[in-house]
Amino acid sequence: TFATIEPRDLYEDLVAHHDEGWDLLDERFLQDPETGLPYHLVKTPLAELVATGNRSPDLNVARHPFCGLLSSMHTYGLYNGRYGLSDFLFINVIPDELRPTVEGMLAGELARQDQLKAQLRADPATAALAEDALLLQAYKLLQFFDTLALYCQCEQPDNRVPQDFANVPVDATRDVTITVTPLGGDRYRVSPYPFDTPEVSFATKGRWLAPQPEGVDLHEAFYAAPPAEQRVTFVT
């Protein structure tokens with residue numbers, strides 16, 4: 001019953017790459033002095049986090065205006081309550097010294113969105129991709145995939161608990177709350193179930209890294225560690 005965003009290949013490409021601007025930051029392996037490890041997502045210094053804001057839309061625009069538009073909406077939404085889907089306004093906790101930079105970046109993203117919508121509407125082959133109802137549906141679905149990935153990748157499996165994901169679009173007019181419940185091992189029940197196969201499995205490749213003393217080259221230490229894989233399986 002869950003509608004697919006079309007063109008599907010283009011939308012899947014967006015989902016996979018919407019935060020690609022983080023890659024440059026991740027490859028710097030900045031060390032958190034409290035842990036001896038690279039910074040956790042939510043502990044990333046604000047100045048570094050802000051710098052990723054327009055890199056992801058830049059990279060996605062090069063793929064397609066629709067990808068750039070949704071990536072830009074993702075960046076803007078993170079600071080402004082996800083366009084009303086969240087009560088948390090990240091912009092309100094930005095310190096005064098960074099606020100002009102952040103506000104300038106967000107104003108640039110709004111201008112980018114207007115330009116990309118105009119570009120899409122100017123071409124009959126892509127005009128439907130700029131319709132407000134479709135964009136909101138696509139944005140909500142992107143937020144579900146984004147936060148579901150964070151659920152899987154920002155916490156150890158043994159610490160995961162049932163979690164609700166609100167405002168997941170069934171189609172352009174109806175949303176539901178999806179509940180993810182750990183079943184043990186790598187299996188999770190998802191209800192209502194949004195995928196088009198009865199069971200779907202995803203794997204993330206990474207490396208286990210022990211806390212390192214200050215000054216150690218974390219880039220070198222990371223790539224010297226043995227590769228590993230973390231898998232999650234979603235079932236009805």
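**View 1. L10, Y11, D13 and L14 of helix 1 meet F66, C67, L70 and S71 of helix 5.** The contact residues of this pair divide into 6 nonpolar, 1 polar and 1 charged. The model shown here and in the other views is predicted. Helix 1 covers residues 8-17 and helix 5 covers residues 65-79. Their axes lie 10 Å apart and pack at an angle of about 40°. That angle makes helix 1 oblique to helix 5. The crossing of the two helices is right-handed.

**View 2. Helix 5 also contacts helix 7, residues 99-121.** Here the axes come within 9 Å and cross at roughly 150°. Helix 5 is therefore roughly antiparallel to helix 7, an angle over 145° being the cut-off. The crossing is left-handed. Helix 5 contributes P65, F66, G68, L69, S72, M73, T75, Y76 and Y79. Among the partners in helix 7 are V102, M105, L106, E109, L110 and R112. Others from helix 7 include Q113, L116, K117, Q119 and L120. By class, this contact has 12 nonpolar, 5 polar and 3 charged residues.

**View 3. Five strands form an open sheet in the order 3-4-5-7-6.** The pairing is mixed. Strand 3 and strand 6 (199-207) are the edges, each pairing on one side only. From one strand to the next, the twist averages 30°. Strands of a sheet pair through backbone hydrogen bonds, either parallel or antiparallel. Strand 5 and strand 7 (residues 227-235) pair in the parallel sense, over 3 bridges. R189 has V235 in strand 7 as its bridge partner. Helix 8 (residues 132-153) lies across strand 3, strand 4, strand 5, strand 6 and strand 7. Helix 8 runs at about 160° to strand 3.

**View 4. Hairpins link strand 3 to strand 4 and strand 4 to strand 5.** Strand 3 (residues 163-169) and strand 4 (residues 175-184) run antiparallel, joined by 5 bridges. Their hairpin passes through 5 residues. Strand 4 and strand 5 (residues 187-191) are also antiparallel, again with 5 bridges. This second hairpin has 2 residues between its strands. G185 in that turn has a positive phi of about 65°. Follow V180 across the strands. Q163 stands opposite V180, and V190 in strand 5 is the bridge partner of V180.

View 5. Most residues other than glycine have a negative phi, and most peptide bonds are trans. P7 sits in the segment before helix 1. P192 lies in the loop between strand 5 and strand 6.

**View 6. R82 and N167 have positive phi without being glycine.** R82 has a phi near 50°. R82 belongs to helix 6, residues 81-84. Is R82 buried or exposed? R82 is buried, because its relative accessible area is 19% and the cut-off is under 20%. N167 has a phi of about 60°. N167 lies in strand 3. With a relative accessible area of 27%, N167 is partly exposed.

Terms used
Residues numbered from 1 in each chain as written. Predicted model: local features only at pLDDT ≥ 70, side-chain atom pairs only at ≥ 80, totals over all residues. Heavy atoms only, no water. Axes fitted to C-alpha atoms, helices over the stretch in contact; angles between N-to-C directions. Helix = DSSP H or I, 4+ residues; strand = E, 2+ residues; numbered from the N terminus. Parallel < 35°, antiparallel > 145°, perpendicular 65-115°, else oblique. Left-handed = near helix turned anticlockwise from the far one by under 90°. Contact = heavy atoms within 4.5 Å. Nonpolar A, V, L, I, M, F, W, Y, C, P; charged D, E, K, R; others polar. Pairing = 2+ DSSP bridges. Buried < 20%, exposed > 50% of the residue type's maximum accessible area, 1.4 Å probe, protein only.
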